[in-house]
Amino acid sequence: MKQLEQFLTEIGPVWAALIATTFTWLVTAAGASLVFFFKTIKRSVFDAMLGFTGGVMVAASFWSLLAPSIEYSEKLYPDFPWMPAAVGFLAGALFIFSLDKFMPHLHINFGEDESEGMKTKWHKTTLLLLAITLHNIPEGLAVGVLFGAASIGVGEHLIPAAIALAFGIGLQNFPEGMAVAMPLRRHGVSRAKSFWYGQLSAIVEPVAGVLGAVAVIYMQPVLPFALAFAAGAMIYVVVEEVIPETQRDKFTDVAVLGFIGGFVVMMVLDVALG
């Protein structure tokens, strides 16, 4: 672990963010690759994995993003230490809200007539892909912002925290890759195309990660806002997308247990490593 921290510190935040988010993308691809071996997955397992995803994102939003945002705000804005976290959190949620209203997309367990965003005749495959892509933007951004924050000396603990966040996001990206590829396969899409679309959903994470790191490096005063922005975006995704997707059948209790498990895993990772 120490060698990994040293390596990521030495190569700089932009490269570190790129490597970390490339890892999360590859884990998504690994999840999508299961489509070559299975055509479907039990709904109870699927809902548990989606719940796990939500738990990881909620825990990461607080321990990896909001807590450092408030800590740094106490130095930059001692009279209003709550202000950057509050403003950034609201801005992040409103940003995803805006994308959600305008970008055509379809949540995983929803029928084609329940697509959201602007009305379009795009194929269901494209709408599913856009939904998960929307989901992945704040995840990549969060990793990049943390590496950028560590590079400007905000706190030595942020490098291991960024590693923990990348690892946690990677864990929950595995079922996400599956969540895109498996439904496509069930609807008659070939295994190769199902895999392609599954892994493609996370390609936005390296882009968002690099942009987050660069923004923080060159605009240091926005750091606490950026951390809270990523947190607000992730919480919006969990409440608007992940949780509703797990509450549409009889396995809701399993999904809740998955959520608790994901929350605990991410909390342990962040506290132990960060």
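**Exercise 1.** In which hand, left-handed or right-handed, does α3 pass α9 in their crossing?

*Solution.* The model is predicted, so that local features need pLDDT of at least 70 and side-chain atom pairs count only at pLDDT 80 or more, while totals for chains, interfaces and linings use all residues. Residues are numbered from 1 along each chain as its sequence is written, and side-chain values use heavy atoms, with hydrogens and water left out.
Step 1: the axes of α3 and α9, lines fitted to C-alpha atoms over the stretch in contact with angles from 0 to 180 degrees between N-to-C directions, come within 8 Å and cross at roughly 160°; helices here are DSSP runs (H or I, at least four residues), numbered from the N terminus.
Step 2: the two helices are therefore roughly antiparallel, a term for angles over 145 degrees.
Step 3: α3 passes α9 in a left-handed crossing, that is, with the near helix turned anticlockwise from the far one by less than a right angle.

**Exercise 2.** Locate the salt bridge and describe the burial of its partners.

*Solution.* Step 1: a search of the whole structure finds one salt bridge (a side-chain nitrogen of Lys or Arg within 4 Å of a carboxyl oxygen of Asp or Glu), in which the side chains of D47 and R43 meet at 3.2 Å, N to O.
Step 2: both residues lie in α3 (residues 43-76), four residues apart, about one turn of the helix.
Step 3: D47, at 0% relative accessibility, counts as buried (under 20% relative accessible area, 1.4 Å probe, protein chains only), whereas R43, at 30%, counts as partly exposed (between 20% and 50%).

How values were computed
Parallel < 35°, antiparallel > 145°, perpendicular 65-115°, else oblique.
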